[in-house]
Amino acid sequence: MEIKCLIIDDEPAAIRVIEGFLKNLTNFKLTGKCKSAFEAIKLLNSNKIDLLFLDINMPGLSGIDFLKSLRNPPLVIITTAYREYAVESFELEVIDYLHKPFSFDRFFKAVQRVEERLQKNNIVPDNKPPLQNTKGHIFIKADKKHYNIKLNELLFIESMGDYCKFITKNKTYISYITLKKLLEQLPGSFVRVHKSFIIQFDKIEMIEGNRIKIGNTIIPIGYSYKKDIIKQLEK
């Protein structure tokens, strides 16, 4: 699932930060960057946008007033240097409120909420087993179909609450299963590195500090999982 994003912020540096963070996420596509709410109105009228990264203090029309003016707004993450608008923002049903400057980890938590919301709106789980593991393959139930995925093509798995996102080099699948239950059914080459991520260890391209690089994605390493990764490296 591709999530189309629009950044609305009058600070070029703030736009660059969000744009840089989005490059690390497989499902998020930056559709546009606007320096004012008035500029954004034109883009929203001509494009389907799933998510707004919205600043508050902007010339002409504030982010809050802009959001109030939209009849059917996309999902919204507020990005601002001001703390005092948080209550009003959540009353407008924003997904999250990021206080500048924010880290990638904090940003990542916010966009996870976006994915969870979109998936809950689009996927209805049933009672059939979502995963069957056979030698070298797994069958994943997604979109009312069963997909046969070769384990050696699976890069990593990301938790989205009661769902998991299976990332291969060429395609992404989303299935109704928890990460904990999934890990019990996968071979030892798959390692949990974060409360929200299982990776295939031999797909790691680089480890730097508390981050792992697989393909074009940067995956955080959770504090409680770091010892297990070190043990795996020492084998």
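Five strands of this predicted model form an open sheet in the order β11-β10-β9-β13-β12, with antiparallel pairing. Here, two strands count as paired if DSSP finds at least two bridges between them. Helices (H or I, at least four residues) and strands (E, at least two) are DSSP runs, numbered from the N terminus. At the edges of the sheet stand β11 (172–175) and β12 (190–194), each with a single partner strand, so one side of each is left without a neighbour in the sheet. From one strand to the next, the twist averages 20°. For such angles, axes are lines fitted to C-alpha atoms, for helices over the stretch in contact, and the angles run from 0 to 180 degrees between N-to-C directions. Strand β10 (residues 163–168) is joined to β11 by four bridges, and the two run antiparallel. Within β11, Thr172 is the residue that stands opposite Ile167.

Because this is a predicted model, local features need pLDDT of at least 70 and side-chain atom pairs count only at pLDDT 80 or more, while totals for chains, interfaces and linings use all residues. Residues are numbered from 1 along each chain as its sequence is written, and side-chain values use heavy atoms, with hydrogens and water left out.

A second open sheet is also built from five strands, in the order β2-β1-β3-β4-β5, and its pairing is parallel. Its edge strands are β2 and β5, each of which pairs on one side only. Neighbouring strands of this sheet are turned by 20° against each other on average, direction ignored. Strand β1 (residues 3–8) runs parallel to β2, and six bridges join the two. Helix α1 lies across β1, β2, β3 and β4 (75–80), and runs at about 165° to β2. Contact, in this setting, means heavy atoms within 4.5 Å.

Charged side chains come next. The structure holds 11 salt bridges, a salt bridge being a side-chain nitrogen of Lys or Arg within 4 Å of a carboxyl oxygen of Asp or Glu. One of them links Glu19 with Lys33, where the closest N and O atoms are 3.4 Å apart. Glu19 belongs to helix α1 (residues 12–22) and Lys33 to strand β2 (residues 28–34), so the pair ties together parts that are 14 residues apart in sequence. To describe how open a residue is, buried means under 20% relative accessible area, exposed over 50%, and partly exposed in between (1.4 Å probe, protein chains only). Glu19 is partly exposed at 21%, and Lys33 is partly exposed at 41%.

Another salt bridge brings Glu158 and Lys165 together, with the closest N and O atoms 3.2 Å apart. Glu158 counts as buried at 4% relative accessibility, and Lys165 counts as buried at 2%. Lys213 and Glu205 also meet through their side chains in a salt bridge (3.3 Å, N to O). In that pair, Lys213 is partly exposed at 27%, whereas Glu205 is exposed at 51%. Salt bridges can also be followed across several residues: Asp9, Glu11, Asp55 and Lys100 are linked in a network.

Aromatic rings complete the picture. A pair of aromatic rings is described by the distance of the centres and the angle of the planes. Rings of Phe, Tyr and Trp (its six-membered ring) pair if their centres lie within 6.5 Å; planes under 30 degrees apart count as stacked, over 60 as edge-to-face and the rest as tilted. The structure holds 11 aromatic pairs. The rings of Phe21 and Phe102 have centres 6.4 Å apart and planes at 55°, so this pair is tilted. Phe21 lies in helix α1 and Phe102 in the loop between β5 (96–99) and α5 (104–122), so the pair ties together parts that are 81 residues apart in sequence. Phe21 is buried at 16% relative accessibility, and Phe102 is buried at 13%.

Phe53 and Phe107, by contrast, form a stacked pair, with 5.4 Å from centre to centre and 20° between the planes. Phe53 sits in strand β3 (residues 51–54) and Phe107 in helix α5, so the pair ties together parts that are 54 residues apart in sequence. Both Phe53 and Phe107 are buried.
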